[in-house]
Amino acid sequence: EAAFDPAKVAERKAREDGSTVLRRVEDRGEYEFLERLQKGDIVVVRGKMDQCQEVLDVLKLPYTLITREEAASKVATLDPRAVLVYNCDSIPEKKLGTKEAAGLAGFVANGGYLFTTDWVLTEAIIPAMKGPLEAGPMTGQQRFESKIAPSRAAATHPYMRDVFPANPFEQAKMKWKFDTLCCTIKPGPIGTSLVECAELGWKHGAPCVAATFRHGKGAVL
């Protein structure tokens, strides 16, 4: 109570531009962790098709942007407290070399957090950490939109805390846009499916949209 500053709270809420996720983080008393973030705490690898850094810009979170060539030599030396965001390059045949794959696996095993999109599954995750996730069939040439829902295994997973609306009626409306030739995901024994799409399941036998697994002291999403 003694530390509460109404003016500071109002200024912060105005700065968030109505972002509900950041509002929930603040309401839980966890905003201080975001305030402590420095530019080197989040490292983003450039991609051709995905630009996760645009989400970080909206959330006003600092990050360092590097090329794929820079990542090849830097990933192994990253501080294991860092978050590594790996954008999709949309080249399924392109894979990390043995040395680069070992460096990525070592970063996660030492405590690093790796967030990837789409074809990075075959490009980086599978070469570096075989077993937890496998690539399923490719989706077709046609783009489509379909409903998504939390998987049963992820009902209480901490990563899911701010993903879906708390209101079950709003949650039931949630959809995902699938681009052409997406890589589907098949979690292995230690992989956990977080978000699933029933249509993806009956079309391709792989309903998983988002998955996670632990590797050493770190984690992959």
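In this report a residue is called buried when its relative accessible area is under 20%, exposed when that area is over 50%, and partly exposed in between (1.4 Å probe, protein chains only). The model is predicted, and local features therefore need pLDDT of at least 70, side-chain atom pairs count only at pLDDT 80 or more, and totals for chains, interfaces and linings use all residues. Residues are numbered from 1 along each chain as its sequence is written, and side-chain values use heavy atoms, with hydrogens and water left out.

## Overall form

The protein contains nine helices and twelve strands; helices (H or I, at least four residues) and strands (E, at least two) are DSSP runs, numbered from the N terminus. Its radius of gyration is 18 Å, close to the 17 Å that the globule rule gives for 221 residues, so the protein is as compact as a globular protein of that length. Here the radius of gyration is taken over C-alpha atoms, and the globule rule is 2.2 Å times the number of residues to the power 0.38. Along the principal axes, the C-alpha atoms occupy a box of roughly 55 × 45 × 30 Å.

Of the 221 residues, 38% count as buried. The protein exposes about 12,800 Å², of which carbon and sulfur atoms supply 56%; accessible areas come from the Shrake-Rupley method with a 1.4 Å probe, and for residues only the protein chains shown count as cover. A contact means heavy atoms within 4.5 Å. Among contacts with a separation of 6 or more, 66% are made by residues 24 or more positions apart.

Helix H6 covers residues 98-109, and at 1.5 Å a residue its twelve residues should span 16 Å; the end C-alpha atoms are 16 Å apart, which agrees. The expected span is 1.5 Å times one less than the number of residues in the helix.

Which residues of H6 are buried? They are Ala 101, Gly 103, Leu 104, Ala 105, Phe 107 and Val 108. Their cover includes strands E3 (83-86), E4 (113-116), E11 (208-215) and E12 (218-220), together with helix H7 (120-128). After H6 comes Gly 111, which has a positive phi, near 125 degrees.

## Salt bridges

A salt bridge is a side-chain nitrogen of Lys or Arg within 4 Å of a carboxyl oxygen of Asp or Glu. The structure holds eleven salt bridges, and the table presents some of them.

| Salt bridge | N to O distance |
|---|---|
| Arg 161 and Glu 30 | 3.3 Å |
| Arg 81 and Asp 79 | 3.0 Å |
| Asp 179 and Arg 143 | 2.8 Å |

The pair of Arg 161 and Glu 30 links distant parts of the chain, 131 residues apart. Arg 161 lies in the loop between strand E7 (149-150) and helix H8 (168-171), whereas Glu 30 lies in the loop between helix H2 (20-27) and helix H3 (31-35). Arg 161 is partly exposed, at 46% relative accessible area, and Glu 30 is partly exposed at 23%. Both belong to a network of salt bridges that links Arg 28, Glu 30, Arg 161 and Asp 162.

In the pair of Arg 81 and Asp 79, Arg 81 is exposed, with a relative accessible area of 72%, and Asp 79 is partly exposed at 35%.

Asp 179 and Arg 143 also connect distant parts of the chain, 36 residues apart. Asp 179 is in the loop between strand E8 (175-178) and strand E9 (183-187), and Arg 143 is in the loop between strand E5 (133-138) and strand E6 (144-147). Asp 179 is partly exposed at 31% relative accessibility, while Arg 143 is exposed at 58%.

## Positive phi angles

Most residues other than glycine have a negative phi. Leu 181, in the loop between E8 and E9, is not a glycine and yet has a positive phi of about 50 degrees. Leu 181 is partly exposed, at 32% relative accessibility. Lys 60, likewise not a glycine, has a positive phi of about 60 degrees. Lys 60 lies in the loop between helix H4 (53-59) and strand E2 (64-66) and is partly exposed at 46%.

## Cysteines

How many disulfides does the structure hold? The structure holds zero disulfides, a disulfide being a pair of cysteine sulfur atoms within 2.5 Å. For Cys 52, the nearest cysteine sulfur is that of Cys 88, 9.6 Å away; Cys 52 is buried at 15% relative accessibility. For Cys 182, the nearest cysteine sulfur is that of Cys 183, 8.6 Å away; Cys 182 is buried at 12%.
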